[in-house]
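Please look over the structure below before reading the notes that follow it.

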Amino acid sequence: MSNWGAGIGWTFAYRYPEYVQKLIAFNGPHPYTFMRELRTNKNQQKASEYMKWFQKQEAQDYMERDNFSGLRKLVIDPGVKKGYLTADDVQAYMNSWENGSVLSMLSYYRNLKIFTEEDLQRKSLFPLEEKVLNIPVQMIWGNQDPTFMSENLDGIEEYVPNISVHRLAEASHAPQHEKPQEVNDVMWNFLNK
């Protein structure tokens, strides 16, 4: 799970641990550490500004304008430049966007309540009853991620005592795209323990 998928995965694992044997997350910070970093880390606050913008209609307009030129700049161009998106991948993204997925993607952000002082006083990004998640978790983290600071990993063991963190020094927000073989190897080893 990456990014929002990780947010959903963390929440599901906390609420329904009987259905989750193991959890793997890619650059999807833990709900408690992320809220801590939003409260205290100026770099994380700045890096999260895009979430506020995604909540506005102008973000959707920008992304969809001129045959999705805004989204191509955000998602496709970096992947093509770094060599992890093929022509088929690009076409799959374009097909998805043409079928209305932009609104679905932005709806996550539009329902996110984390930017007022009152919101920031919450301990967790999502309402969770438990503090500790007692299942094995593998975190795969791209150290060059501009959206989630590596400090999100500091103290994560307090909330997930059975966590392994694999850092990728040269990867960014999408380590599964940027370093697919290494990510697959880490996942395979974790799942077969």
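This is a predicted model: local features need pLDDT of at least 70, side-chain atom pairs count only at pLDDT 80 or more; totals for chains, interfaces and linings use all residues.

Residues are numbered from 1 along each chain as its sequence is written, and side-chain values use heavy atoms, with hydrogens and water left out.

**Helix α2**
- Helix α2 (residues 31-40) is largely enclosed by the rest of the structure, because seven of its ten residues are buried (under 20% relative accessible area, with exposed meaning over 50% and partly exposed in between, for a 1.4 Å probe and protein chains only).
- The buried residues of α2 are Pro31, Tyr32, Thr33, Phe34, Met35, Glu37 and Leu38; helices here are DSSP runs (H or I, at least four residues) and strands likewise (E, at least two), numbered from the N terminus.

**Salt bridges**
- The structure holds four salt bridges, each being a side-chain nitrogen of Lys or Arg within 4 Å of a carboxyl oxygen of Asp or Glu.
- Lys52 and Glu49 form one of them, at 3.4 Å from N to O, and both lie in helix α4 (residues 49-54), three residues apart, about one turn of the helix.
- Lys52 counts as partly exposed at 32% relative accessibility, and Glu49 counts as partly exposed at 39%.
- Glu178 and Lys82 form another, with their closest N and O atoms 3.5 Å apart.
- Glu178 lies in helix α9 (residues 175-178) and Lys82 in helix α5 (residues 57-82), so the pair ties together parts that are 96 residues apart in sequence.
- Glu178 is buried, with a relative accessible area of 17%.
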